[in-house]
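Me: I have a structure open and want to talk it through. Can we start with how the helices are named?

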Amino acid sequence: MKRFWVIAAAMAALAAGPSLAKAAELNPACRAAGRPVSEAGFVDIGGIRQWLTIDGQDCANPVVLIVHGGPGNPNTPFAHNLFGDWSKRFTVVQWDQRGSGKTYGASKPPEDEPLTIDRLTQDGVEAARYVAQRLGKRKVIIMGGSWGSALAVNIAQAAPELFSAYVGTAQLVNYQLDMKTSYDLTLAKAQAAGDADAITKLTALGPPPWTDPRAFGILRRITRKYEALATEAPPKGWFAFGPGYDTPAYEADYTAGEDYSFLNFVGPKGDGMGPKIDLRKLGTTFAMPVYMLQGEADLVTPPAVSKAYFDEIRAPKKEFVVLPRTGHDPNRIMIDAQFAALTKARTSTDAGRR
């Protein structure tokens, strides 16, 4: 979802992008506890070169595979700001999805080649299996936010044997219901504030379903305005591109991939991947613990929609956390809550070495 779920990893010497081993051979650093692991490169996933980064101070720690949002907003340029401290307790894996970031730069899809949830789900399963084998784990923790939360649930449900826990933030459950609820809440706020400009735009837009690919962006710009009034802003500089990503070539690929992926998300006639999302169709029984974090001021994936879905979930353990002064976008409150949830997952699930 356009430019607002961007979070993730920076390492030295990333500009050229070496290739990681095609076979998932055990990283030598993982042959004994206490050794750091640091990799960045391309892996053959789904028949194309896809970008992965791996960063941890002890390979014996549990592994977290982060599924970024957008679609088209890779975490990798920003991880040093958002998740830098996590590497002490976890081995953190960032993955640039098909059509995004460095993966887009290395494997540009034809403009008329559609992205599909099924294809991205298969890619995610392959990425998780590669990472587990590479780091000597039976299972990994999967974490996603916004678009990434919907994709992560698809991945977790497609291969539950690979995952020890699911951590979701700003959970996207059912696109049509999420958008209808978002529209109603935002219009109500605009009316209460006497915001004539927002009322005019929302009234002209009308409630979903939409056929105009610009509709989501129109609503999102207004939700950002009202979320900003009720939330704690992220620190300045959080979303500055880090070393190895701060080049004109990478920024061009990032922007082009974002445009390609987002158009595939909404669809040229409202018929893209997003409008088809309904997680209940996957079933509401999870084989792993589920931790769901929801900003109380989130106007994009409203808490009521996420909580209703959460209440239907059956899992070995589940927890729903409402985050104060938090909307849809990352802030310090959200990042700290994610780390707390991962710590609970670390102690309550089998996330260890095989």
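Reply: Helices here are DSSP runs of H or I with at least four residues, numbered from the N terminus. By that count, glutamate 227 sits in helix α7. One caution before we go on: this is a predicted model.

Me: Noted. Is glutamate 227 buried or exposed?

Reply: Glutamate 227 has a relative accessible area of 5%. Buried means under 20%, so glutamate 227 is buried.

Me: What does glutamate 227 touch, leaving out residues up to four places away in sequence?

Reply: Glutamate 227 touches Arg220, Ala297, Asp298, Leu299, Val300, Gly327, His328 and Asp329.

Me: OK, helix packing. How do α5 and α6 cross?

Reply: Their axes come within 8 Å, and the crossing is at roughly 150 degrees. Angles over 145 degrees count as roughly antiparallel, so that is the label for α5 and α6. The crossing is left-handed.

Me: Which residues make that contact?

Reply: From α5, Tyr183, Thr186, Leu187, Ala190 and Gln191. From α6, Ala198, Ile199, Leu202 and Thr203. By class, the α5 and α6 contact has six nonpolar residues, three polar and no charged ones.

Me: And α6 with α7, what angle there?

Reply: Roughly 155 degrees, with the axes of α6 and α7 coming within 11 Å. That makes α6 and α7 roughly antiparallel. α6 passes α7 in a left-handed crossing.

Me: Who meets whom between α6 and α7?

Reply: Ala198, Lys201, Leu202 and Leu205 are the α6 side. Ala215, Ile218, Leu219 and Ile222 are the α7 side.

Me: Which α5 residues meet α7?

Reply: Tyr175, Met179, Ser182, Tyr183, Thr186, Lys189, Ala190 and Ala193. They meet Phe216, Leu219, Ile222, Thr223 and Tyr226 in α7. By class, the α5 and α7 contact has nine nonpolar, three polar and one charged.

Me: Switching topic. How many disulfides are there?

Reply: A search of the whole structure finds one. Cysteine 30 is joined to cysteine 59, with the sulfurs 1.7 Å apart. The link has 60 degrees about the S-S bond and is right-handed.

Me: Where do the two cysteines sit in the chain?

Reply: Cysteine 30 is in the segment before β1, which covers 37-45. Cysteine 59 is in the loop between β2 (48-56) and β3 (63-67). They are 29 residues apart, and the pair links distant parts of the chain.

Me: Are those cysteines buried or exposed?

Reply: Cysteine 30 is buried, and cysteine 59 is buried too.

Me: Now the backbone. Which peptide bond is cis around proline 71?

Reply: The one from glycine 70 to proline 71, with omega near -5 degrees. Proline 71 lies in the loop between β3 and α1 (79-82). Another cis bond joins proline 208 and proline 209, where omega is about 10 degrees.

Me: Where is proline 209?

Reply: In the loop between α6 (196-205) and α7 (215-228). At 66% relative accessibility, proline 209 counts as exposed.

Me: How far is proline 209 from aspartate 298?

Reply: They are 20 Å apart in space, C-alpha to C-alpha, and 89 residues apart in sequence. Aspartate 298 is one of the residues that glutamate 227 touches.

Me: Last topic, phi. What is the phi of alanine 170?

Reply: Positive, about 50 degrees, although alanine 170 is not a glycine. Most residues other than glycine have a negative phi. Alanine 170 is in strand β6, residues 163-171. Its relative accessible area is 1%, so alanine 170 is buried.

Me: And arginine 325, what phi and where?

Reply: Arginine 325 also has a positive phi of about 50 degrees. Arginine 325 is in the loop between β8 (318-323) and α10 (332-348). With a relative accessible area of 43%, arginine 325 is partly exposed.

Definitions and conventions
Residues numbered from 1 in each chain as written. Predicted model: local features only at pLDDT ≥ 70, side-chain atom pairs only at ≥ 80, totals over all residues. Heavy atoms only, no water. Disulfide = S-S within 2.5 Å. Buried < 20%, exposed > 50% of the residue type's maximum accessible area, 1.4 Å probe, protein only. Axes fitted to C-alpha atoms, helices over the stretch in contact; angles between N-to-C directions. Parallel < 35°, antiparallel > 145°, perpendicular 65-115°, else oblique. Left-handed = near helix turned anticlockwise from the far one by under 90°. Contact = heavy atoms within 4.5 Å. Nonpolar A, V, L, I, M, F, W, Y, C, P; charged D, E, K, R; others polar.
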